[in-house]
Amino acid sequence: MSETGSGSGNEAVMEIDDFAVAVEWQAEHAEAAHAPCTARIIRALTHVIESDTACARRMASWQGLTLKDAMPLRIAGGLHHLLLSGADDRLARVYSGQITDQGQINRLVCKVVETHDHSLLPWFDGPPQTNEAGRSASIMAGLLWLAKRVSPCFELFELGASAGVNTMLDRYHFRLGETKVGFSSSPLQIEPEWRGSKGSPPAPSGDFLIQSVHACDVQPIDLSDPQAALKLKSYVWPDAPGRLARIDAAVQLANEDPPLLVQMDALEFVEQRLAVEQEPGITKAMFHSIMWQYMPVSTQDAITERFETAGAQATPETPLGWVVLETDPKTFRHELKVRFWNGGASDGESHTLAFAHPHGAWVEWLGL
């Protein structure tokens, strides 16, 4: 989902209604995330909005909130797509850092928008999809921690999976501090910088197993469709070659064996998965990353109620787990939290296990 929800600040940032102020905040956030080239493209939008283009009029008449809707990142994705698709290479030297003068970049971006004005308009229609494989490092760490408290054999289901990149986490290889898990030959190697003084997550036991992973999204992306895959890649900031390589590896895996991803509302999907009969000795666990904030509060509450009701019926033989990497709306910090139910006295308690970079570059393990 959107890359606006990270860094330092508070909920008031998302409420900024001044376009120039919002654009500058987004640019500074990109710089803080080591994406200075993307920051320069974003800053140019304050000049694009003054141009006589359909894109300018769309931005000027925007009905929502610039940052909350990730509007600058929508058009930034469209501009990156022009380069990746071969439609226009004029911004290549900006993305590579060869051109850094902001005035020159402003003029160049305005010219590119003018040339591709109407083909860029559809990029405003939906939020950016940042289906980042690096986030699976936190999810896997949470599962390893959970496996020491419930059955280590999992049936997983993911909410808001987008293209199903993290749905395929059972096919990746992870190095989480000193802990290794997964397939060493996988084309997707997840090795975040491991921070904190609490060591590494527990090593997997011999019977640790992810038996299945199902997922849903209201508008799933088919990675086997080259155009859809390229669109997803366009939302990755060009300053991050590692992230671009991870998307390519995920596309390779999805073409070999597509993730079990269906188009469905999250609440309906939760109800469906909870209704599936659970075999003794299997832990049924739900996970999601950087998507909860985009659902209505009523949907959040309904999913929580359904899950807690199901948790009340959990036993040591049929435990239930909930692993999330989501943004704290007050601090914008990405937090790994785990809840589980197995009929014990501490059922449903929330355990904060780590803080993480929004794209998985590092994980600060808190341990418990």
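Analyst: Here is a walk through helix packing, sheets and an aromatic pair. This is a predicted model, so local features need pLDDT of at least 70 and side-chain atom pairs count only at pLDDT 80 or more, while totals for chains, interfaces and linings use all residues. Residues are numbered from 1 along each chain as its sequence is written, and side-chain values use heavy atoms, with hydrogens and water left out.

User: Why is α1 called roughly antiparallel to α2?

Analyst: The axes of α1 (residues 19–32) and α2 (residues 36–43) cross at roughly 170° and come within 7 Å. Angles run from 0 to 180 degrees between N-to-C directions, along lines fitted to C-alpha atoms, for helices over the stretch in contact. Under 35 degrees counts as roughly parallel, over 145 as roughly antiparallel, 65 to 115 as roughly perpendicular, and the rest as oblique. That is why α1 is roughly antiparallel to α2.

User: What makes the contact of α1 with α2, by class, nonpolar, polar or charged?

Analyst: On the α1 side are Val23, Glu24, Gln26, Ala27, Glu28, Ala30 and Glu31, and on the α2 side Pro36, Thr38, Ala39, Ile42 and Arg43. Contact here means heavy atoms within 4.5 Å. By class that gives six nonpolar, two polar and four charged residues (Ala, Val, Leu, Ile, Met, Phe, Trp, Tyr, Cys and Pro count as nonpolar, Asp, Glu, Lys and Arg as charged, and the others, Gly among them, as polar).

User: Which hand does the crossing of α2 and α7 have, and what is the rule?

Analyst: α2 passes α7 in a right-handed crossing. The rule: a crossing is left-handed if the near helix is turned anticlockwise from the far one by less than a right angle, and right-handed if clockwise. α2 and α7 (residues 102–115) pack at about 60°, with axes 8 Å apart. Arg40, Ile41 and Arg43 in α2 meet Gln102, Ile105, Asn106 and Val109 in α7. This contact has three nonpolar, two polar and two charged residues.

User: How do you know that β2 and β3 pair?

Analyst: Two strands pair if DSSP finds at least two bridges between them. β2 (residues 173–176) and β3 (residues 179–182) have four bridges, in the antiparallel sense, so they pass the test. The bridge partner of Leu176 is Thr179 in β3. Their hairpin has two residues between the strands, and Gly177 takes a positive phi near 70°.

User: What makes β5 and β7 edge strands?

Analyst: β5 (193–195) and β7 (260–263) each pair on one side only. They belong to an open sheet of nine strands with mixed pairing, in the order β5-β12-β11-β10-β9-β8-β1-β6-β7. The twist averages 20° from one strand to the next. Within that sheet, β9 (residues 320–327) and β10 (residues 334–341) pair in the antiparallel sense over eight bridges, and Glu326 stands opposite Glu335 in β10.

User: Last one: why is the pair of Trp62 and Phe124 called tilted?

Analyst: Rings of Phe, Tyr and Trp (its six-membered ring) pair if their centres lie within 6.5 Å; planes under 30 degrees apart count as stacked, over 60 as edge-to-face and the rest as tilted. Trp62 and Phe124 are 6.1 Å centre to centre with 55° between the planes, so the pair is tilted. Trp62 sits in the loop between α4 (54–60) and α5, and Phe124 in the loop between α8 (117–120) and α9 (136–147), 62 residues apart.
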